[in-house]
Amino acid sequence: KAGVTQTPRYLIKTRGQQVTLSCSPISGHRSVSWYQQTPGQGLQFLFEYFSETQRNKGNFPGRFSGRQFSNSRSEMNVSTLELGDSALYLCASSFVQGGEKLFFGSGTQLSVL
Amino acid sequence: AQSVSQHNHHVILSEAASLELGCNYSYGGTVNLFWYVQYPGQHLQLLLKYFSGDPLVKGIKGFEAEFIKSKFSFNLRKPSVQWSDTAEYFCAAAYGSSNTGKLIFGQGTTLQVKP
């Protein structure tokens, strides 16, 4: 069974641009969560989607948005990039919302110059 | 605010030494607790979890953790570490039974095991 797949693996953008990251959950998993990992702030929750609906949202500005498609694949978008958005963005999936275990992908490393 | 704190940021041990990593969480009603591990070059994976029942939970690779409600703690232990346990360890909490996708993570502890 394939794991959680995130694309692209690395991304370099400049300030002011926007970026879209993609996440394909494990087959059959319907809940997808996104996290930002930085050396200073650690792992911080961004949002969670289940059945194409945002179920939970973290404390991030509106520049961070996401969506989930009917096949459970998810995308997150960051508009008007800032230097501080440089981070590893992790996607995690579980079978259902409230599932007992999250399966994490390897992440997308975003560098904003 | 809901939060998780880990006591040690960097731990260095020799092989066969015992390990205990501290984790405290803030009060917030129903809470589910987790320890995740990130081996070098690998993705985060679940070590063990506590939802209810026996407060002593056992996970993979010989790890265990004890939930002490009165102390708001969920410390991770292993009697004898191996070089392959070198990794970063994260304690996490989910507040509310349906919020296990919304984890509050501690800052992480880097464990270095010397052969």
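# Why the labels apply: chains A and B

User: Why is B:Lys58 called exposed?
Analyst: B:Lys58 has a relative accessible area of 63%. The label exposed requires over 50%, so B:Lys58 is exposed. The model is a predicted one.

User: What makes the pair B:Lys58 and B:Glu64 a salt bridge?
Analyst: The closest N and O atoms of B:Lys58 and B:Glu64 are 2.9 Å apart. The cut-off is 4 Å, between a side-chain nitrogen of Lys or Arg and a carboxyl oxygen of Asp or Glu. The pair is therefore a salt bridge. B:Glu64 has a relative accessible area of 18%, and it is called buried because that is under 20%.

User: Which residues are linked with B:Lys58 in a network of salt bridges?
Analyst: The network links B:Lys58, B:Glu64, B:Glu66 and B:Arg77.

User: Why is B:Lys78 called buried?
Analyst: The relative accessible area of B:Lys78 is 7%. Buried means under 20%, so B:Lys78 qualifies. B:Lys78 sits in strand β9 of chain B and touches B:Ala17, B:Ser18, B:Leu19, B:Lys61, B:Gly62, B:Phe63 and B:Asp85, leaving aside residues up to four places away in sequence.

User: What makes B:Lys78 and B:Asp85 a salt bridge?
Analyst: The closest N and O atoms of the two residues are 2.9 Å apart.

User: Why is B:Lys61 called partly exposed, and what is its phi?
Analyst: B:Lys61 has a relative accessible area of 48%. Exposed would require over 50%, so the label is partly exposed. Phi of B:Lys61 is near 55°, a positive value in a residue other than glycine. B:Lys61 is found in the loop between β7 (56-58) and β8 (64-68) of chain B.

User: How do you know whether B:Ser26 is buried or exposed?
Analyst: B:Ser26 has a relative accessible area of 16%. This is under 20%, so B:Ser26 is buried. B:Ser26 is placed in the loop between β4 (23-25) and β5 (31-38) of chain B. A polar atom of its side chain lies 2.8 Å from the backbone nitrogen of B:Ser3.

User: What makes A:Arg63 and A:Asp85 a salt bridge that links distant parts of the chain?
Analyst: The closest N and O atoms of A:Arg63 and A:Asp85 are 2.8 Å apart, within the 4 Å cut-off, so the pair is a salt bridge. A:Arg63 is in the loop between β6 and β7 (64-68) of chain A, and A:Asp85 is in the loop between β8 and β9 of chain A, 22 residues apart. At 16% relative accessible area A:Arg63 is buried, and at 4% relative accessibility A:Asp85 is buried as well.

User: How many residues are in contact between the chains, and what area do they bury?
Analyst: 21 residues of chain A are in contact with 18 residues of chain B. The chains bury about 1,600 Å² between them, 53% of it on carbon and sulfur atoms. A:Leu43, A:Glu100 and A:Phe104 supply 36% of the area that chain A buries against chain B, more than any other three residues.

How values were computed: Residues numbered from 1 in each chain as written. Chains lettered and ligands numbered in written order. Predicted model: local features only at pLDDT ≥ 70, side-chain atom pairs only at ≥ 80, totals over all residues. Heavy atoms only, no water. Contact = heavy atoms within 4.5 Å. Buried area = accessible area lost by both parts, 1.4 Å probe. Helix = DSSP H or I, 4+ residues; strand = E, 2+ residues; numbered from the N terminus. Buried < 20%, exposed > 50% of the residue type's maximum accessible area, 1.4 Å probe, protein only. Polar contact = N/O pair within 3.5 Å; in protein donor to acceptor, adjacent residues only side chain to side chain.
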